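I opened the notebook with a few plain things to look up. I start with one chain and then turn to the pair.

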Number of protein chains: 2
Amino acid sequence: MDKHEKWMQQVLELAEKGRGNTSPNPMVGAVIVKDDKIIGKSYHRKFGAAHAERGAIGQAGESARGATLYVNLEPCSHEGKTPPCVDQIIKAGISEVYIGMIDPNPRVNGRGVQKLREAGINVHIGLLEKEARQLNRGFIQYMSKNRPWITLKMAQTADGYIADVSGKSQWITSSEAREYVMHQRKIHDGIMVGMGTVFKDDPGLLPANLDGFVPYRIVLDDSLRIPYRLKLVSDEFRHRTVVVTASNKKDQKIKQLTGLGIRIVHTVGDSFGWIDLTAAMKQLSEVGITSIYCEGGSQLAGSLIQLGMVDEIQLFIAPKVLGEGISTFSGFMKSLDSAIPLHWKEIKQLGPDILLRGELA
Amino acid sequence: MDKHEKWMQQVLELAEKGRGNTSPNPMVGAVIVKDDKIIGKSYHRKFGAAHAERGAIGQAGESARGATLYVNLEPCSHEGKTPPCVDQIIKAGISEVYIGMIDPNPRVNGRGVQKLREAGINVHIGLLEKEARQLNRGFIQYMSKNRPWITLKMAQTADGYIADVSGKSQWITSSEAREYVMHQRKIHDGIMVGMGTVFKDDPGLLPANLDGFVPYRIVLDDSLRIPYRLKLVSDEFRHRTVVVTASNKKDQKIKQLTGLGIRIVHTVGDSFGWIDLTAAMKQLSEVGITSIYCEGGSQLAGSLIQLGMVDEIQLFIAPKVLGEGISTFSGFMKSLDSAIPLHWKEIKQLGPDILLRGELA
């Protein structure tokens, strides 16, 4: 790792601190270096707050003149909630800028770099770009596809069942695998489940460690049947619960849930009255949810994978055989020639279980 | 790897040459070393032929006096088809013996070592024992459990289907995975399938490379329904086909199949007329089949795993999703609390597919 990568690594770690509070804005960190020393550093703390570049330049003050700026995302060139960063960079006299990735936001998308270069600043693009893209994959997805990044997690037996015939699924996988899931709940804006899972398991969908970021807990409830006694609508984090529904008939229930602090996303239904997932995802991204960790069940998982809306699949394979049970996906049936193709990206052993991470091919 | 391990490695490679021809005897290699040079080496070529030690001693001649013998299995102490090896070792004047593993054959089982030690020979046991056991796992199984070693191979989609709803399974996995299977067909005495698979796929069950060892091709055919036109009973290797049946009514068909060179193993049926697998496996081991590679289908796989008769499971997971299809195992149903536990031993990427190697826990 050369010295530029070393500084950019620090930028990425700073940016990460904003996780959960910046959406739908990206996570951004900035470091200003002069004579091999950091003279200013900052990160984007939350949506609406100052950009990282501004904080770092403020810290560096007059020393910024002739210094080098490292930032994971192209500085903005447009007037938003805050003034354009490129103007501040030019004004501060920064002479060189290292950028992780170009901002996919159509209002920036290269214009920031252009403005910096026109001002005579030496600009390098693509330093630790892969890491920068991974960090802001939710934001990139939101900008390019108008929906959140969706990670689908399913935990199954070796023979492909997510529960036994009685519906019991706790626990198919080990505590090591569940710890991994707990971590994933911290690096996505929202955790999503279908109503079948809510009825069956009454899940809390919380990360293990509750000091800090609590993700949105999103339940897809087509006809707004969620009982008031369940955790998602009654526990102390209910203000982080989002109920997506296509129901038009339950104004009273919507009023009561809203009164409890729960956010209702009212979306269109298809001809069966079921939630139109494409519309729902767009609405969720507008709420500021740029990445979702979907934990099933099989109906929701089946719909997402069929619609091509799964950006990453995390398939946990437990060393167990049931013979019969609840299938991982439901709601569709492909022939071998038209099977939905995946691509395995990573294999990992987690305690006794195997995690296969893949994407749609 | 120290020098003793290096010689033993050569012993194992020699022993391996007997693969397919020694069953139900073990594969054995022997190397005699003096002054850091090999002065004699041999292996057990086929059932009934000379033991490896005898060949090596013959080569070494008078030089064997004071030399060191490396052999992967304890030399025999009993009169069998050939005279006891320990007597020849003592007579040749070998002064030191390195042994991979004790012979589990109750007629030997430590007596060989005892006799060598009583003759003043310095004996070391357990050099590359793990490798020695792996090599002869079929023989060990045959000696200890009175049935062949059984490796169960299943190739499934990510959601646990071995075929689509129409029954199509060719090909779920990639050519890389199938190459692995082809190799496995060379290192097991027999390849086994159920009658459903035979009807559906008309498989040849041959390894890719046909210059040399051709494994037995074993089909479990409860009521002897196999049609004469199928490959297993009509191709040029039909003398390597074993049909196991529980049928009592088809003397004429048995006569005809036998006339074609096919071996019939007549075994007991259960109350439904289905083959009693425990009895059948014992009979197959008596035919000289000490290791079996079972390639399904789901009914046979389900029966074997339920009976605890699977020594190794090879689960290929293809990056494909079907939504519905033919399940990997059929014929039983467990609750999550009584699921059949496995233990993953190895994970391997084979082209686009994943291979999980496991054993019953």
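**Entry 1: one chain**

Of the 361 residues of chain A, 50% count as buried. I note here that the model is predicted.

Next I checked the overall dimensions. The C-alpha trace of chain A spans about 70 × 45 × 40 Å along its principal axes. I then asked how the radius of gyration of chain A fits a compact globule. For 361 residues such a globule would have a value near 21 Å, and chain A has 23 Å, which agrees.

Chain A holds 12 helices and 17 strands. I also looked at contacts with a separation of 6 or more in chain A. Residues 24 or more positions apart account for 71% of them.

**Entry 2: the sheet**

Which strands make up the open sheet, and in what order? I read off 10 strands: E11(A)-E10(A)-E9(A)-E8(A)-E12(A)-E6(A)-E13(A)-E17(A)-E16(A)-E14(B). The pairing is mixed. At the edges stand strand E11 (263-266) of chain A and E14 of chain B. Each has a single partner strand, so one side of each is left without a neighbour in the sheet.

I picked one pair from the sheet. Strand E8 (residues 190-194) and strand E9 (residues 216-220) of chain A run in the parallel sense, with five bridges between them. I followed A:Ile191 across to E9(A), where its bridge partner is A:Arg217.

**Entry 3: two copies**

I superposed chain B on chain A. This takes a rotation of 180° with 0.1 Å of shift along its axis, and the RMSD is 0.1 Å. That is the relation of a two-fold axis. The same surface serves both copies, as 100% of the contact residues of chain B recur in chain A.

Which residue of chain B comes closest to the rotation axis? I found B:Gly160, with its C-alpha at 2.1 Å.

**Entry 4: the contact**

I counted residues on each side. Chain B gives 42 residues to the contact and chain A gives 42 residues. On the side of chain B, the elements that give two or more residues are E6, helix H12 (298-306), strand E13 (312-318), strand E14 (320-321), strand E16 (340-350) and strand E17 (353-360). The largest share, seven residues, comes from E16(B). I sorted the side of chain B that touches chain A by type: 24 residues are nonpolar, 12 are polar and six are charged.

I looked at E16(B) again. Two bridges join it to strand E14 (residues 320-321) of chain A, and the two strands run antiparallel. I found A:Lys320 opposite B:Pro341 in E16(B).

**Entry 5: a helix in chain B**

I turned to helix H6 (residues 137-145) of chain B. Its buried residues are B:Gly138, B:Phe139, B:Ile140, B:Gln141, B:Tyr142 and B:Met143. What covers them? I noted that the cover includes helix H5 (129-135), strand E6 (149-157), helix H11 (277-287) and strand E12 (291-294) of chain B. After H6(B) comes B:Asn146, with a positive phi near 60°.

**Entry 6: a loop residue**

Last, I looked up B:Asp337. B:Asp337 sits in the loop between strand E15 (326-327) and E16 of chain B. Is B:Asp337 buried or exposed? B:Asp337 counts as exposed because it has 8 C-beta neighbours inside 10 Å, and the cut-off for exposed is 12 or fewer. I also compared B:Asp337 with B:Pro26. They are 311 residues apart in sequence and 40 Å apart in space, C-alpha to C-alpha.

Note on methods. Residues numbered from 1 in each chain as written. Chains lettered and ligands numbered in written order. Predicted model: local features only at pLDDT ≥ 70, side-chain atom pairs only at ≥ 80, totals over all residues. Least-squares fit on C-alpha atoms with pLDDT ≥ 70 in both. Contact = placed C-beta atoms within 7 Å. Buried ≥ 20, exposed ≤ 12 C-beta atoms within 10 Å, placed from the backbone. Helix = DSSP H or I, 4+ residues; strand = E, 2+ residues; numbered from the N terminus. Nonpolar A, V, L, I, M, F, W, Y, C, P; charged D, E, K, R; others polar. Pairing = 2+ DSSP bridges. Rg over C-alpha atoms; globule rule 2.2 N^0.38 Å.
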